[in-house]
Amino acid sequence: APPKGSGASSTPPKETTAPTPVPDTSTKPPTPFVSPGAAPALACPADAEAAVVTDAHDGDTITLEDGRKVRYIGLDTPELMGKASTVDEPGSHEATDRNKQLVVGRKVRLEYDVEKQDRFGRTLAYVWIQDASGKDLLVNEGLLREGMGSVFPFAATHRYAEVFGRAQASARRAAVGIWRTPWVGTAPYYVAYNKERFHSSTCENIENASKEHEVRFATLEEALDSGRAWCRNCRKKQ
């Protein structure tokens with residue numbers, strides 16, 4: 001202990017902890033997509049916005065260096081436990097980890113559609129990266145092709161709808177990701193009232209739906225091929 005009257009303090013100085021830096025992977029090629037289907041020839045538009053990704057919250061939502069949260073357009077991955085789900089849905093950790101491998105700490109480019117924000121205030125975007133050869137890769141499409149999620153069209157603003165539909169069909173045929181265990185439907189038919197989701201015929205969410213815009217599908221396969229996402233409540237009950 002310091003002697004009295006020396007003016008020295010008996011309290012040691014506080015130690016400061018430096019913030020953990022985001023790993024700089026922008027100069028390294030992303031982990032290649034491992035899907036069985038070949039990637040389509042796509043090119044990132046010249047006016048796409050450059051950004052850096054600092055975190056991936058799940059398989060389809062990321063945070064940028066400037067604090068914005070970005071939701072991938074056209075892709076719906078299994079939910080981690082939180083507001084939208086009381087349990088970790090099958091495949092949620094796999095999709096989250098894959099998304100992190102592809103984009104966290106990396107420079108990406110953002111392409112926008114007509115609808116630029118969702119109802120939660122998140123930016124809606126197509127997210128692009130480049131492989132080791134400089135080829136443009138659309139992350140939304142690649143995750144679908146690997147079976148990390150299913151298609152989810154955001155209203156009518158979805159310019160890659162056909163491309164994403166083919167990516168999902170490829171993953172389903174190969175039984176990868178969420179399609180390893182085939183989705184089994186037991187309803188006599190399936191029905192849709194918009195371009196976003198379809199439902200089992202007995203779903204309580206459509207009890208009061210107008211029949212004016214009803215579209216029926218004879219099988220689950222036919223409904224999935226329409227490019228719509230299966231109602232979460234219906235799917236959980238199968």
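The structure is a predicted model. Its chain comprises 238 residues, of which 45% count as buried. Contacts between residues at least 6 apart in sequence were examined for their separation, and 65% of them join residues at least 24 apart.

The cysteines were considered next. A disulfide requires two cysteine sulfur atoms within 2.5 Å, and by this rule the count is zero. Cys203 is accordingly in no disulfide, because the nearest cysteine sulfur, that of Cys234, lies 3.5 Å away. With a relative accessible area of 5%, Cys203 is buried, because the cut-off for this class is under 20%. Cys44 is likewise assigned to the buried class, because its relative accessibility is 11%.

Attention then turned to the open spaces in the model. The second largest pocket holds about 370 Å³ of space. It is lined by 14 residues, and those closest to its centre are Pro90, Gly91, Ile178, Trp183 and Arg235. By residue class, the lining of the second largest pocket consists of five nonpolar, four polar and five charged residues.

Key
Residues numbered from 1 in each chain as written. Predicted model: local features only at pLDDT ≥ 70, side-chain atom pairs only at ≥ 80, totals over all residues. Heavy atoms only, no water. Buried < 20%, exposed > 50% of the residue type's maximum accessible area, 1.4 Å probe, protein only. 1 Å grid on protein atoms, 1.4 Å probe; cavity = no way out; pocket = protein on both sides within 12 Å on 5 of 7 lines; lining within 4 Å. Points joined across faces, edges and corners; volume = space filled by probe spheres on them. Nonpolar A, V, L, I, M, F, W, Y, C, P; charged D, E, K, R; others polar. Contact = heavy atoms within 4.5 Å.
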